[in-house]
Amino acid sequence: MTEPAIRLRDLRKNFGRTEIIRGVDLEIGKGTRHAIIGPNGAGKSTLFHLISGKYEPSGGQIFLHGEDISGKLPFEINRQGLSRSFQVTNIFPRMSVFENVRCGMLWSAGYRYAFWRLVDQLRDLTEESERILEEIGLADRRDIPAGVLTYAEQRALEIGITIAGGADVIMLDEPTAGMSRSETDQAVELIRRISEGKTLVMVEHDMGVVFDLADKISVLVYGELIATDTPERIRGNKAVQEAYLGTAEEAEEMADA
Amino acid sequence: MSVIATTGAATTRRATFRRLAVWLVSAAVLLILPQIFTSGLAVTVMNQMGIAIVFALSYNMMLGQGGMLSFGHAVYFGLGGFFAMHMIDWVDQQLFVFPIYLTPFMGGLFGLFMALVIGSFSTRRAGTVFAMISLGIGELVAALSLILVVFFGGEEGVSGDRTTGPGIFGFNFLQDIEVYYLIAVWVLVAVLFMYLFSRTPAGRMANAVRDNPERAEFVGYSQRTVRLISFCAAGFFAGIAGGLFAINYEILTEQNLNATTSGGVLLMAYIGGIGYFIGPIVGAVIFTLLQTVLSGYTDLWVLYVGLVFLATVLYVPTGLTGIMMMHVPAWRLGRLRSLVVPYLTMVIPVAMLFCGLVGLLEMFHYRNGAPTGEVEMTVFYVTVDFTSPLPWAVFTALTLAGGYLTRRLAPAVAASFQAATSYDAKGSSA
Amino acid sequence: MQTSRFAGLVVALAMTAGIAVGQAQAADTIKIGFIDPLSGPFAAVGQSGLKQFTFAADELVNKKGGVLGGTMLEVTGYDNQVSAKEALIQLKKAIGDGVKVIVQGNSSGVANALTDAVEKHNTRNPDQRILYLNYSAVDPALTNEKCNFWHFRFDANADMKMEALTDDIKARADIDKVYVIGQDYSFGKAVAAAAVDMLGKKRPDLEIVGNELHPIGKVKDFTPYVTKIKASGAKAVITGNWGADMVNLAKAANDIGLDVPFYTYYAAGNGITATLGAAGKGRIMLVTEGAANPAHTDAFRAYTTAYEAKYENENITQFRIINTVQMLARAIDKAGNTNVDDIARALEGMEFTTIAGDRVIMRASDHQLAMPIRIFVHTDENVEFDMDNSGFGLVEERAVPVSAVELPTTCKMKRPS
Amino acid sequence: MFELILFSILNGLVYGLLLFMLSSGLTLIFSMMGVLNFAHASFYMLGAYFAFTMSGYIGFFPALIIAPIIAGLLGALVERYGLRHVHRYGHVAELIFTFGLAFLIEEVVQFFWGKQLQDYRVPEVLDFTFFEMFGNAFPAYKAFMLLVSIAIFVLLFAVLTRSRVGMIIQAAITHPNIVAMLGHNVPFIFMATFGVGSALAAIAGVIAGPVLGTGPAMAFELGTIVFVVVVFGGLGSLSGAFVASIMIGLIQTVAVALDVSVSDFFGLFGMSFSPDDFLVDVWTITLPQIAPIIPYLMLVLMLIFRPQGLMGKRES
């Protein structure tokens with residue numbers, strides 16, 4: 001069997017005495033679209049932060065393509081091919097939209113900390129950035145500061161920056177949060193397109209989006225995984241339904257989806 | 001709003017040409033300036049401006065480009081300068097042969113080296129921590145410079161003779177005007193490279209880290225390394241400025257690396273506008289004028305500089321360059337002319353306010369230190385008797401009337417500005 | 001928002017355009033450029049010096065018909081902000097304004113920069129030479145290894161003052177232990193070195209129980225230093241401290257109750273005398289040239305009275321300024337023209353009787369004015385002219401004659417042909 | 001030697017507590033508003049100058065009360081019409097604003113009072129020797145300073161831990177957003193904090209002016225040291241500021257008493273250096289010589305190894 005893209009082994013995180021992640025074991029196969037769901041406060045974002053290196057695990061291990069990345073810094077993990085977006089929009093507000101995307105690909109394109117090359121002369125970067133702008137539908141916003149974009153546009157840019165580096169593992173933290181129905185539909189299409197042939201991990205509250213996109217779903221409740229399975233089986237899973245009873249709305253949504 | 005760049009080859013070439021033209025024009029201006037301003041003082045002031053420009057731009061590589069607020073940038077300026085000064089001395093003592101006109105580069109390397117040493121720990125964090133470390137280092141180095149006499153020469157500093165090394169094109173830098181051209185060349189080269197740096201991956205990421213250090217980490221960049229690179233580059237160019245200082249003044253003292261110099265460069269960059277590449281250039285020119293020219297007219301010049309600085313921070317955080325840039329949209333839209341009349345109507349009240357305030361300040365100041373029996377002083381080329389109530393009344397009236405009219409007229413002017421720059425106004429184009 | 005921005009713009013631009021609080025320019029004068037701090041932390045001393053120069057030029061030269069049969073002296077201030085860099089800029093500015101003679105005194109660092117710059121300028125621009133009269137910078141190097149033809153010093157240098165000071169200590173057998181404390185920079189170190197050297201020669205029996213440097217301008221509370229001095233059993237303290245460092249040292253001594261004489265160089269005038277007040281009474285000794293209390297001549301008495309009448313809050317703190325102006329005027333007359341080299345030659349070897357009746361000589365070998373040095377004590381008794389309107393002033397205790405303080409020089413003067 | 005050190009410790013305490021009066025205000029302001037106020041020591045200076053001028057008319061003790069009140073009101077105005085305006089541009093702009101303010105206040109003080117040192121004296125009632133210890137006099141005024149400092153410390157402690165206002169302030173320090181939600185008028189609290197902080201600095205100025213000197217440079221001289229104290233103690237930590245104040249007060253005074261040079265230190269290991277050595281300046285550095293710059297060294301080291309400071313919880 002091939003090595004999964006991401007493997008978590010007994011991953012733990014506590015803040016002071018509060019345990020947020022309590023021993024998570026998970027394998028995310030290469031090329032799958034994997035969604036993590038769970039009620040509010042279950043620790044989904046914390047799990048994301050642990051995998052992407054924002055937080056250091058209190059225990060356990062994280063493997064990316066079989067390599068132990070636990071405790072590594074975010075930029076080291078990113079360089080190994082994992083790129084993530086944020087739940088709260090996290091862009092470079094004073095730089096232009098185009099530059100935001102270009103910043104996302106500088107490292108992976110091999111330019112690193114070069115101070116002897118001029119970015120404007122790097123044709124490949126310009127063309128690739130413009131391609132991504134087209135893809136995320138911001139081509140006509142190319143030269144305005146990212147900080148003045150509308151919310152939905154910023155969410156799209158967030159994804160643009162995340163995929164710009166061409167990472168093969170992409171993690172999206174609530175990519176459609178706060179979007180209208182039509183905006184969400186567009187976002188889903190975008191995510192589907194950009195995750196083609198890549199490993200996608202996402203946290204999402206919108207069950208429609210989850211069941212639409214995901215090949216596999218994990219359910220996180222109070223820092224523990226109670227199920228990991230295909231969408232159909234998750235829908236029928238007793239434990240999952242019980243866990244969601246507290247938050248009736250989402251349970252309903254899940255039933256609807 | 002469909003100003004999408006049509007990235008055709010022709011446009012790119014035109015843009016490149018335009019950019020090149022800017023540099024050529026700058027070079028021409030630098031060449032012609034001494035023909036216009038011929039006096040010895042003008043050359044002295046321009047030399048100082050050149051040094052200040054390089055120094056202020058190097059500072060902005062950190063503050064404006066990299067988001068690092070430093071209270072100790074003079075350290076690299078001074079250390080680079082001291083090293084260059086020693087180089088000049090070694091050449092003078094014939095320890096080795098080295099062209100004097102290249103010593104700023106050596107100063108730069110020394111500045112770079114020191115920035116690397118200090119930056120290796122100080123750039124770990126940005127924000128307040130960085131600012132405080134820079135403050136502490138600045139104080140330490142300034143204090144040590146008086147203790148370590150061998151390198152810093154104590155209070156007298158280190159001096160030398162710039163004229164002994166091998167010359168260039170028959171120049172031996174005997175006269176200030178020769179030094180002017182040397183500085184001009186260095187300024188042009190240094191500014192060009194600082195500009196180009198901002199266009200490199202390292203320079204772009206400095207902006208990214210300034211905007212959002214966390215996100216930069218998630219696109220593969222260590223914020224610390226990005227900051228360190230900017231910091232080193234800033235140290236390098238500050239060292240070059242220090243080297244130019246060494247050649248121009250032939251002396252370096254503790255004052256070149258103390259808190260006053262560090263504070264001065266912050267003032268320059270901020271008044272000029274840290275958000276624009278040319279901001280610090282504007283700031284350096286203006287600050288130098290204030291310091292060398294205004295100080296000849298009034299003892300209160302530092303007070304005025306303080307007022308201008310605080311007004312900038314409060315009302316125009318984008319600096320003087322920001323004010324100019326505010327008018328770019330109006331210019332693009334071809335509506336700049338519509339602003340002429342409203343601006344002219346403002347000139348009189350503002351001038352009144354300004355004259356009134358300055359008059360009051362100057363009279364009060366003069367009265368405090370005046371010799372007994374002398375009651376006359378000159379304000380704005382007018383001789384007044386400061387014991388009589390008349391001038392006080394006149395200046396107070398000017399201040400009040402000017403202030404009132406300014407407030408009254410301001411909304412109208414602001415409205416015309418809005419109209420001139422807003423895209424939604426009639427005839428929206430582009 | 002837009003409004004205030006715009007207002008800010010206009011004010012800023014107007015200021016840049018230059019504030020004109022102009023000075024009238026008289027024609028046909030000999031311009032003297034006073035290059036010293038007129039703004040910033042040391043401005044008090046600079047402003048006071050400028051007043052003394054202007055007054056001396058007006059009272060002693062211009063009112064008596066000027067020089068060269070009617071040419072007036074005009075003193076113009078140039079603010080050097082006690083920075084070598086600014087001093088050099090202001091020097092260029094002064095040259096541009098047609099200044100022939102510059103005077104400067106505050107900070108030996110600036111003086112070193114200026115003398116260097118003047119020499120370079122004069123060598124590089126033989127037709128535009130300027131003369132540098134140093135009225136207060138006491139670094140011995142200026143008239144030794146760094147001497148040059150266009151620099152003249154009208155103050156006694158640090159070594160001469162130390163010579164006088166140690167002579168005084170030599171005469172007081174009760175002082176058998178001395179503590180030397182100073183600011184950690186060239187002058188402080190020079191004072192310490194000279195004290196050790198000269199005391200060693202003059203009083204081999206005397207013990208130097210402490211020799212200490214502290215950072216300049218950084219010590220807020222001198223109590224620990226004074227405690228240490230007291231613990232050492234010192235019978236006298238020698239210090240080159242000036243400004244706040246001097247005041248705070250004296251105040252701490254008063255608080256602790258350290259009742260020994262403090263031999264100082266710069267503990268008077270410009271607010272220091274008033275601030276010291278009773279804390280320094282009988283304790284602070286000042287080693288300097290000049291003659292304050294009692295006035296030696298009626299001429300000096302009249303001059304001082306006139307000055308203090310004109311400037312209520314000012315005092316004649318730098319007697320040497322009077323000498324500088326008078327000797328310059330006489331040299332110009334002797335040269336018969338305003339050629340700088342001729343004036344310099346006229347100054348060389350000039351013998352002169354000061355307004356206070358002392359005979360002084362401008363030594364040709366190193367351009368150091370040879371003059372008597374006096375030891376004053378800070379007190380409020382028998383004070384003819386107090387300082388800072390405080391009731392306290394400096395009363396002359398002892399005069400050390402020229403012969404006792406004349407020192408050999410290492411100067412190898414290069415004269416223009 | 002022992003008495004020297006003991007006496008130095010006493011003086012160190014006086015100085016340390018004075019530093020605390022300044023650093024407590026700065027810490028309060030920082031905790032509430034996240035602003036490191038460069039102009040804090042300027043209010044210390046204003047306090048001294050106000051009291052100097054007033055004591056000529058109304059006497060020292062009324063001035064001790066009124067001068068800080070005026071300085072506090074000025075501080076509140078600065079917050080209301082300056083800082084609040086700049087707040088929107090971020091912390092760096094705020095820091096730069098206070099830097100400019102410090103610069104301007106120094107100039108304004110010179111404008112009104114001139115550039116000379118002021119003859120601000122210890123009030124006559126307190127101008128006597130309180131006690132003598134090993135032949136060294138301890139002036140009554142220093143005892144008075146000690147007393148005022150301790151009184152302020154106790155008062156501050158009581159207000160912060162016992163009163164409702166103190167509760168709000170403490171809550172605001174740890175959870176600034178929650179307090180706003182509870183419906184407290186946060187802008188007013190900010191203004192008041194800034195005012196009180198400035199007044200605390202001014203009290204320090206009133207009582208320190210006669211001892212440490214009253215001149216235009218006094219703000220800058222002490223300002224950086226106060227910065228060192230709050231950063232070293234840990235930004236936003238009152239107890240940290242207290243410990244750091246006392247520490248720096250003691251270090252500065254006790255280091256002076258210990259006459260040790262670098263070569264003495266190396267001498268312990270049997271190394272010695274010739275006086276012609278290129279680095280002779282380094283070997284001859286003594287502890288007293290560098291005593292006043294030790295705080296900066298401590299600051300830099302602390303920030304490198306523990307950026308949150310001695311007792312701080314957050315970094316910036």
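Student: What makes Val237(C) the bridge partner of Tyr179(C) in strand 8 of chain C?

Tutor: This is a predicted model, and in it Tyr179(C) has Val237(C) as its bridge partner in strand 8 of chain C. That bridge belongs to a set: 4 bridges join strand 6 of chain C to strand 8 (residues 236-239).

Student: What makes strand 6, helix 6 and strand 7 of chain C a right-handed unit?

Tutor: Point the strands away from you and follow the path from the first strand over the helix to the second: a clockwise run is called right-handed. Strand 6, helix 6 (residues 186-202) and strand 7 of chain C make a right-handed β-α-β unit, so by that definition their path runs clockwise.

Student: Why is strand 6 of chain C called largely enclosed?

Tutor: A residue is buried if 20 or more other C-beta atoms lie within 10 Å of its own. In strand 6 (residues 177-183) of chain C, 6 of the 7 residues are buried, so the rest of the structure largely encloses this strand. Across chain C, 61% of the 417 residues count as buried.

Student: How do you know that chain C agrees with a compact globule?

Tutor: For 417 residues, a compact globule would have a radius of gyration near 22 Å, and chain C has 22 Å, so the two agree. Along its principal axes, the C-alpha trace of chain C spans about 65 × 60 × 40 Å. Chain C has 13 helices and 15 strands.

Student: What makes residues of chain A and chain B count as in contact, and how many are there?

Tutor: The C-beta atoms of the two residues must lie within 7 Å. On that basis, 34 residues of chain A are in contact with 28 residues of chain B. Helix 2 (74-79) and helix 3 (97-106) of chain A each supply at least two residues of the side that touches chain B. By class, that side of chain A has 18 nonpolar, 6 polar and 10 charged residues.

Definitions and conventions. Residues are numbered from 1 along each chain as its sequence is written. Chains are lettered from A and ligands numbered from 1 in the order in which they are written. This is a predicted model: local features need pLDDT of at least 70, side-chain atom pairs count only at pLDDT 80 or more; totals for chains, interfaces and linings use all residues. Ala, Val, Leu, Ile, Met, Phe, Trp, Tyr, Cys and Pro count as nonpolar, Asp, Glu, Lys and Arg as charged, and the others, Gly among them, as polar. The radius of gyration is taken over C-alpha atoms; the globule rule is 2.2 Å times the number of residues to the power 0.38. A residue is buried if 20 or more other C-beta atoms lie within 10 Å of its own, exposed if 12 or fewer, and partly exposed in between; C-beta atoms are placed from the backbone. Two strands pair if DSSP finds at least two bridges between them.
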